[in-house]
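Okay, thanks for coming, everyone.

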Amino acid sequence: MATSREPNFNQEILIDTTPLPPSIPKVQEVGATSGPLLSASFFIGDRCKAYNEDYMLCKQEAGGKGEFECLKEGRRVTRCATSVIADINKHCLSEFRAHWKCLDNNNQQLYKCRDVERPLNECVFNSLKLTKTIPGAPADQTPIHLRTKGTYIGRY
Amino acid sequence: MVQDLPPVGGYGPVQYRRNLPPRGFRPSHYLFAMGALCAYGFWEAGKGIKEQRELAREKVWSRIHLIPMLQAEVDRDTVRRQLAADAREKELMKDVPGWKNGSVYNSDRYVRPNYVVTPSQDNMKRTR
């Protein structure tokens, strides 16, 4: 090749590590990986619905400036999600861990982990009063996560 | 000389038709059986499709519940980078008269930058 460019992988040295200015309050990030997040998602949705919707509405109404104007709402969303994960860890650690490990081992397919999901849902309902409900599901049928018979149920 | 003639009473009957017993059921029964099998298959497939739809709904809603949390985290990072970039630009361009800091677009909407002003490599923080 005629070019003599040095291989310059500058994504390694161009990481911007400047912290947020102190005028913006700090918040601890959730820091969970995809498996625990997926496992806790319906409980996060149940407890944090108001905060989530407030944040998304703020973003929508900010007219393209939501990144800067909705920081306060975003911190509330993060704090709420963190609180859910912390509470599940406190009260239902073994069930939670069994479920997200199952999800991680099964390509994050919820239908392959029903037998460990049921104890988790029961424990979370008993200790935190959070339920898993799927919005928009047909009202005359058993919700998919509660079914015991079906084409995709009981085969895995 | 006697002429060659048929036997007395004529020839016997010639068997020109096949004499095989009909095998299996009547053809119409096969048709009905195939139709019934197809109907059962479609019924089962329909059940599976409806179930897949519910599984997809569950998957989508699990994601919808997580989106605000993920987006909030990304937004904080975006703001952090943008504020750092603004400070960097201000510092780099402090000697240029008439330089206008900030967005190059005629709008105060946030636009994710395609190009980022970076300090020279000497000042750059090496992470490894």
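When I say helix or strand, I'm using DSSP runs numbered from the N terminus, H or I of at least four residues for helices and E of at least two for strands. UniProt, in an unreviewed entry, puts the feature "domain: CHCH" at residues 92–125 of chain A; UniProt positions follow the numbering used here, feature names are shortened, and annotations may be inferred rather than shown by experiment.

Some housekeeping. This is a predicted model, where local features need pLDDT of at least 70 and side-chain atom pairs count only at pLDDT 80 or more, while totals for chains, interfaces and linings use all residues. Residues are numbered from 1 along each chain as its sequence is written, chains are lettered from A and ligands numbered from 1 in the order in which they are written, and side-chain values use heavy atoms, leaving out hydrogens and water.

Now chain A as a whole. It has 6 helices and 0 strands. Of its 156 residues, 38% count as buried, where buried means under 20% relative accessible area, exposed over 50%, and partly exposed in between, with a 1.4 Å probe and protein chains only. Take the contacts in chain A between residues at least 6 apart in sequence: 66% of them join residues at least 24 apart. Contact here means heavy atoms within 4.5 Å.

So, helix H2, residues 49–61 of chain A. How far should its 13 residues span at 1.5 Å a residue? The answer is 18 Å, and the end C-alpha atoms are 18 Å apart, which agrees; the expected span is 1.5 Å times one less than the number of residues. In H2(A), A:Asn52, A:Tyr55, A:Cys58 and A:Lys59 are buried. They cover an arc of only 130 degrees around the axis, so they sit on the same side of H2(A); the arc is taken from the directions from the helix axis to the C-beta atoms. As background, an α-helix has 3.6 residues a turn, so residues three or four places apart point the same way. On the face turned away from the buried side of H2(A) you'll find exposed A:Ala50, A:Gln60 and A:Glu61. The buried residues of H2(A) pack against H1, helix H3 (66–69) and H4 of chain A, together with H1 of chain B.

Let's zoom in on A:Cys58. It is buried, with a relative accessible area of 16%. Beyond its neighbours within four places in sequence, A:Cys58 contacts A:Glu69, A:Cys70 and A:Glu73.

On to helix H6 of chain A, residues 114–128. Its 15 residues reach 20 Å from first C-alpha to last, close to the 21 Å expected. Buried residues in H6(A) include A:Glu117, A:Cys123 and A:Val124.

H6(A) is followed by A:Lys129, with a positive phi near 60 degrees. Is A:Lys129 buried or exposed? Exposed, with a relative accessible area of 56%. Its charged end sits over the ring of A:Phe125, 5.2 Å from the centre. For that label, NZ of Lys or CZ of Arg must be within 6 Å of the ring centre and within 35 degrees of the ring normal. Over in chain B, B:Lys47 lies over the face of B:Trp43, at 4.7 Å from the ring centre.
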